[in-house]
Amino acid sequence: MRAARLIKMVLLLQSRPSMTAAELAAELEVSERTVTRDALALSEAGVPVYADRGRAGGYRLVGGYRTRLTGLERGEAEALFLSGLPGALRDMGLADAASSARLKVSAALLPSLRDAPVSAARRFHLDAPGWYQEPETPELLAPVAEAVWDDRWVSARYRRGDGEEVERELEPYGLVLKAGVWYVCARSGSSFRTYRVDRFTAVAVGEERFDRDPDFDLPVFWEERAAEFARSILRAEVVVRLTEAGARRLPYVTDRAAAEEALAAGDAGGGRVTVALRVESEEVAFGQLLGLGPEVEVLAPAALRERFAEAARGMAELYR
């Protein structure tokens with residue numbers, strides 16, 4: 001524990017011109033007295049740590065000292081590529097590895113480039129969850145992430161959409177964070193499937209490792225499955241007539257791909273376009289298309305058209 005702290009102290013001093021005892025204590029999560037003892041121990045070990053006295057004083061390395069303890073470990077290197085996702089790293093239990101990796105990279109940079117990490121952080125931040133929702137970290141995300149990183153088999157109990165729980169033996173290949181929801185892409189038997197992590201009710205990470213398929217490409221797999229899922233839920237069809245404004249707004253209130261496909265095959269005339277639009281259900285279509293107001297007229301099915309007529313009569317009565 002102390003050895004790791006001493007190494008971190010050297011890396012901190014190597015990455016900055018000087019640091020006060022208070023700054024080092026905050027970074028190392030120890031007391032200032034412990035910082036003083038650690039600095040003395042480093043000096044006795046031959047590391048040229050120099051203490052400047054006084055109010056503006058602090059600790060610094062002298063003589064252009066450079067440590068060679070900057071080689072990244074595998075876990076640190078993998079976490080470094082996710083360093084733009086602080087929330088995701090924390091949820092997966094990788095925050096410490098990423099912090100250590102960033103520190104080592106900072107220590108290895110030329111003095112003129114040491115502000116690069118701060119400069120990048122000030123200019124880019126990825127906020128994965130969608131608006132108007134409070135993301136919740138799945139209780140079993142950490143062990144699933146551990147299995148993904150180590151290529152370990154997982155014995156899991158999974159709650160399906162219908163509420164039934166099933167037992168699964170999985171080879172977890174990768175994690176995906178989509179709009180605040182975590183998914184794991186795993187091989188079960190001979191096929192790859194996608195599971196919502198928040199539906200796991202039990203996860204046991206095995207000691208045995210599995211052999212990864214070298215041809216598996218996580219981004220490609222996710223893109224294909226996401227497209228399949230989007231198509232699979234569009235089980236109904238409605239026919240609508242749109243104004244030019246309604247046609248422009250349609251991709252923003254319904255499935256974009258379905259809207260663009262419908263508009264491309266639409267029948268235009270008289271300043272309006274008639275389209276056959278694939279939707280999840282009539283209920284969902286009602287909520288989506290209602291937002292277009294007078295820019296859309298529902299032609300079919302008849303039940304949905306009547307529902308819009310009732311809504312229009314109700315609005316007219318309300319604002320009469």
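This is a predicted model: local features need pLDDT of at least 70, side-chain atom pairs count only at pLDDT 80 or more; totals for chains, interfaces and linings use all residues.
Reader: How many helices and strands does the chain have, then?
Author: There are 13 helices and eleven strands.

Reader: And in which helix does Ala-285 lie?
Author: Ala-285 belongs to helix α12.

Reader: Is Ala-285 buried or exposed?
Author: Ala-285 is buried, because its relative accessible area is 0% and the limit for a buried residue is under 20%.

Reader: What does Ala-285 touch, beyond residues up to four places away in sequence?
Author: Ala-285 touches Val-238, Val-279, Leu-290, Leu-304 and Phe-308.

Reader: Which residues have the most contacts inside the largest nonpolar core?
Author: They are Val-238, Val-240, Leu-242, Leu-250, Leu-277, Leu-289 and Leu-304, in a core of 21 residues.

Reader: Which elements supply at least two residues of this core each?
Author: The strands are β8 (236-242), β10 (272-279) and β11 (296-300), and the helices are α10 (244-253), α11 (256-264), α12 (282-289) and α13. With four residues, β10 gives the most.

Reader: Take Leu-250. What is it in contact with, leaving aside neighbours within four places?
Author: Leu-250 is in contact with Leu-242, Ala-259, Leu-263, Leu-277, Leu-289 and Leu-292. Apart from this core lies another, of 19 residues, including Leu-141, Val-154, Leu-170 and Leu-175.

Reader: Moving to the whole chain, how much of it is buried?
Author: Of the 320 residues, 32% are buried. The accessible surface is about 19,800 Å², and carbon and sulfur atoms account for 51% of it.

Reader: What share of contacts between residues at least 6 apart join residues at least 24 apart?
Author: That share is 61%.

Reader: Where is Arg-5, and what polar contact does its side chain make?
Author: Arg-5 is in helix α1 (residues 2-15), and its side chain has a polar contact of 2.7 Å with that of Asp-38. Arg-5 counts as buried, since its relative accessible area of 18% is under 20%. Leaving aside neighbours within four places in sequence, the contacts of Arg-5 are Leu-28, Val-30, Thr-34 and Asp-38.

Reader: Now backbone geometry. What is the phi of Glu-29?
Author: The phi of Glu-29 is near 60°, a positive value in a residue that is not glycine. Glu-29 sits in the loop between α2 (21-28) and α3 (32-44) and is exposed, at 74% relative accessible area.

Reader: And which residues does a cis peptide bond join?
Author: The cis bond joins Ala-300 and Pro-301, with omega about 0°. Pro-301 is placed in the loop between β11 and α13.

Reader: What about Asp-151: what is its phi, and with which residue does it form a salt bridge?
Author: Asp-151 has a positive phi of about 55°, although it is not a glycine. Its salt bridge is with Arg-212, and the closest N and O atoms are 3.1 Å apart. The two are 61 residues apart and link distant parts of the chain: Asp-151 lies in the loop between α8 and β3, Arg-212 in the loop between β7 (200-209) and α9 (218-232). Arg-212 is partly exposed, at 34% relative accessibility.

Reader: How many salt bridges does a search of the whole structure find?
Author: The search finds 17. Arg-225 and Glu-228 form one of them, the closest N and O atoms being 3.8 Å apart. Because they are three residues apart in helix α9, about one helical turn separates them. Arg-160, Asp-162 and Glu-164 are linked in a network of salt bridges.

Reader: Finally, which residue meets Arg-320 in a salt bridge?
Author: Glu-317 does, at 3.0 Å from N to O. Arg-320 is exposed, with a relative accessible area of 78%, whereas Glu-317 is partly exposed, at 47%.

Reader: Which residues form the nonpolar patch on the surface?
Author: The patch consists of Met-315, Leu-318 and Tyr-319, with about 400 Å² of accessible area together. Met-315 is in helix α13 (residues 302-318) and is partly exposed, at 48% relative accessible area.

Terms used
Residues are numbered from 1 along each chain as its sequence is written. Side-chain values use heavy atoms; hydrogens and water are left out. Patches are made of residues with over 30% relative accessible area and no salt bridge: like charges are joined within 9 Å, nonpolar side chains (Val, Leu, Ile, Met, Phe, Trp, Tyr) within 5 Å. Accessible areas come from the Shrake-Rupley method with a 1.4 Å probe; for residues, only the protein chains shown count as cover. A salt bridge is a side-chain nitrogen of Lys or Arg within 4 Å of a carboxyl oxygen of Asp or Glu. Buried means under 20% relative accessible area, exposed over 50%, partly exposed in between (1.4 Å probe, protein chains only). A nonpolar core is a set of buried Ala, Val, Leu, Ile, Met, Phe, Trp, Tyr and Cys residues joined through side-chain atoms within 4.5 Å. Contact means heavy atoms within 4.5 Å. A polar contact is a pair of N or O atoms within 3.5 Å; within protein, one must be able to donate a hydrogen and the other to accept it, and residues adjacent in sequence count only if both atoms are side-chain atoms.
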